[in-house]
Amino acid sequence: MLREITLGQYYPTDSVIHKLDPRVKLAGTLVFIISLFAFGTIEAYVVATIFLAAVIKTSQVPFKFMIKGLRAIIMLLMITVIFNLFLVQGTVVVKFWVFQITVEGIKTAVSMAIRLIYLIIGSSVMTLTTTPNDLTDGMEKALSPLKKVRVPVHEIAMMMSIALRFIPILMEETDKIMKAQQARGADFESGNLIQKAKNMVPLLVPLFISAFRRANDLAMAMEARGYHGGEGRTKMRPLVYKGRDKAAYLVLLGYFVIMFVVSRFHVLETLLFGALGW
């Protein structure tokens, strides 16, 4: 399962999405996430699905590779769906023992599941199509107005970039430690959920030691190369908006407007719940 985490990885292809300015992709991801939580109708989710599918197709990243990251959140997704399904009060549809499923619970559970899935896929699109260096430059440039109020923009962008870069590295390190301990007789598969969690405890010590060692090596390498923060540093490739970036902003604006308009209507929701007798 550890190898299925795609957040923080980069998939190199020669697509239009890869060539976009990182600030555009950051803004696009933010707009997409906001739209998911601001507009919760069936019509809005249909538009979001079409938009996300078009972006994935344009990025030329294989869809099978894109959805690998969902396997890591299956447990979280199941817990979210179950809690919303059984704990939301409203019009009862099914009741057994002390549990009951309501219409409002079904709506909330489905809505939260879609939001979580699209949140992971949408974030993965950004990291899979943007190198860590470009992501750092984009964050720093986008947050540069905050420098006027003494916010350490460069340091924040650097930390976020390093954190994203370390995700696949730490996952690979965890996988190596697990295989090494399994070769020595450790069992991570048998037992119930609590037992499996206990079996994972021996992984923490070597994983933390490895993480601190990597962090120390990175700090020494940065000091050896004369890194002293972002003040006065120049860029080898300064970020400059091009025609395709402006066109992408227009597409984002159009997407958000369409989401706002279709969320005012509830035609599909009325037809669906009417057919189900809800």
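Helices here are DSSP runs of H or I with at least four residues, numbered from the N terminus. The model is predicted: local features need pLDDT of at least 70, side-chain atom pairs count only at pLDDT 80 or more, and totals for chains, interfaces and linings use all residues. Residues are numbered from 1 along each chain as its sequence is written, and side-chain values use heavy atoms, with hydrogens and water left out.

Start with helix 5, residues 74-87, where F83 sits. Then select I74, M75, M78, I79, I82, F83 and L87: together they form a nonpolar surface patch with about 680 Å² of accessible area. Accessible areas come from the Shrake-Rupley method with a 1.4 Å probe, and for residues only the protein chains shown count as cover. Patch members have over 30% relative accessible area and no salt bridge, and nonpolar side chains (Val, Leu, Ile, Met, Phe, Trp, Tyr) are joined within 5 Å, like charges within 9 Å. A salt bridge is a side-chain nitrogen of Lys or Arg within 4 Å of a carboxyl oxygen of Asp or Glu.

Next, select helix 7, residues 132-142, whose buried residues (under 20% relative accessible area) are L135, T136, D137, G138, M139 and E140. Their cover includes helix 2 (22-38), helix 6 (103-128) and helix 8 (153-183).

Move on to the loop between helix 7 and helix 8 and select R150. Its phi is near 60°, a positive value in a residue other than glycine. R150 is exposed (over 50%), with a relative accessible area of 80%.

Finish at Q60, in the loop between helix 3 (42-59) and helix 4 (63-66). Q60 has a positive phi, near 65°, and is not glycine.

How values were computed:
Helix = DSSP H or I, 4+ residues; strand = E, 2+ residues; numbered from the N terminus. Buried < 20%, exposed > 50% of the residue type's maximum accessible area, 1.4 Å probe, protein only. Contact = heavy atoms within 4.5 Å.
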